[in-house]
Amino acid sequence: MWLFGWKGPSGFSASSTAEEVTQGIDGTGLTAIVTGASSGIGAETTRVLALRGVHVVMAVRNLDAGRNGKEAMLKEIPKAKIDVMELDLSSMASVRNFASEYTSLGLPLNILINNAGVLSSPSKLSEDNIELLFATNHIGMFSLTFNIETFGHFLLTNLLLEIMKNTAQKSKQEGRIINVSSVGHRIVSREGICFDKIYNEASWFSYGQSKLANILHANELARRLKEEGEEITANSLHPGAIHTNLLRHQGFVNAIFSLFGKYMTKNVQQGAATTCYIALHPQVKGMSGNYFMDSNIAEPSSQAKDAELAKKLWDFSLIITDKK
């Protein structure tokens, strides 16, 4: 981390805000989808992108919260182009419906920000009997018990990828896919991704595993897009330690953050900075398969750089999500 006000090579630091890293950038003509956009850094990312002229689609689980957020942003930015669409990242049906509805709108897609996530809820499975953390943060999978599919950002990205390719080709503008991960990706088992324990109940290792999956997904996607010659980049990031409602299930931790968080964490404006930097800044043009922190390239764990693990995760995810 570029501590306090110390600036990295990009010219920005941990204290830089989303507005500061996008100052002077005109995003008019661009269209972005932001998942988990109704609160926290997702809402701030939406606000700042809209402030820069980007047409933003808020993909949210709670439509009322999303609409309330949109109304608040429009009061501040009357000319903002913001839409709200329903997306529950723990339901395969919902993600397929979202992708289908988005396609039917005929909108382009320049930027996809996979932001939504769960930190650590009480031990809980998704509606399709898959551990909620992994289902929401990374992928949809097939439940042998209920014979129902579920999903996550992996499936969402795959379903929207053709639109992004077409948009990049027609607009001659680089597409950007951004996975919001966490430094927590380092808190995993020796295997990194425990493919035989995806159905287990949630734990702190589950959170680390899901965040590692976000980075591996971006890396393998970057490799494939480059191989195909597509003008689309894929990167991942750690937003910083931020006190948001991700801590709602962590009573003791939430209380500590409430008391001392302002002294050791970022605010939401700072937390959304790296996402907005990767989404819009010209410095990032052509960069793909990188991990960022504090609006600078950073070094992830050795497991996050494991190309074989990334490919194995991709193949596993593709097989599972392809099941009908």
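Me: At what angle do the axes of helix H4 and helix H6 cross in this predicted model?
Reply: Two packed helices are described by the angle between their axes and the distance between the axes. Here H4 covers residues 92–105 and H6 covers residues 153–171. Their axes come within 10 Å. They cross at roughly 15°.

Me: Is H4 roughly parallel or roughly antiparallel to H6?
Reply: The axes cross at roughly 15°. Angles under 35 degrees count as roughly parallel, so the cut-off settles the matter. H4 and H6 are therefore roughly parallel.

Me: Which residues of H6 make the contact with H4?
Reply: From H4 come Met92, Val95, Arg96, Phe98, Ala99, Tyr102 and Thr103. Facing them in the contact are the residues of H6: Leu155, Leu156, Leu159, Leu160 and Ile163.

Me: How many nonpolar residues does the contact of H4 with H6 have?
Reply: Sort the contact residues by class. One is polar and one is charged. The nonpolar residues number 10.

Me: Is Met92 buried or exposed?
Reply: Met92 sits in helix H4 and takes part in the contact with H6. Its relative accessible area is 2%. Buried means under 20%, so Met92 falls in that class. Met92 is buried.

Me: What distance separates the C-alpha atoms of Met92 and Gly152?
Reply: Along the chain, Met92 and Gly152 are 60 residues apart.

Me: Where does Asp294 lie, and what is its phi?
Reply: Asp294 is in the loop between strand E9 (291–293) and strand E10 (296–297). It counts as buried, at 1% relative accessibility. Most residues other than glycine have a negative phi. Asp294 is not a glycine, yet its phi is positive, at about 55°.

Me: What is the relative accessibility of Ser295?
Reply: Ser295 also belongs to the loop between E9 and E10. Its phi is positive too, near 60°, in a residue other than glycine. Ser295 counts as buried, with a relative accessibility of 0%.

Me: What percentage of contacts in the protein, between residues at least 6 apart in sequence, join residues at least 24 apart?
Reply: The protein has 11 helices and 10 strands. Of its 324 residues, 57% are buried. For contacts between residues at least 6 apart in sequence, the share joining residues at least 24 apart is 72%.

Technical notes: Residues are numbered from 1 along each chain as its sequence is written. This is a predicted model: local features need pLDDT of at least 70, side-chain atom pairs count only at pLDDT 80 or more; totals for chains, interfaces and linings use all residues. Side-chain values use heavy atoms; hydrogens and water are left out. Axes are lines fitted to C-alpha atoms, for helices over the stretch in contact, and angles run from 0 to 180 degrees between N-to-C directions. Helices (H or I, at least four residues) and strands (E, at least two) are DSSP runs, numbered from the N terminus. Angles under 35 degrees count as roughly parallel, over 145 as roughly antiparallel, 65 to 115 as roughly perpendicular and the rest as oblique. Contact means heavy atoms within 4.5 Å. Ala, Val, Leu, Ile, Met, Phe, Trp, Tyr, Cys and Pro count as nonpolar, Asp, Glu, Lys and Arg as charged, and the others, Gly among them, as polar. Buried means under 20% relative accessible area, exposed over 50%, partly exposed in between (1.4 Å probe, protein chains only).
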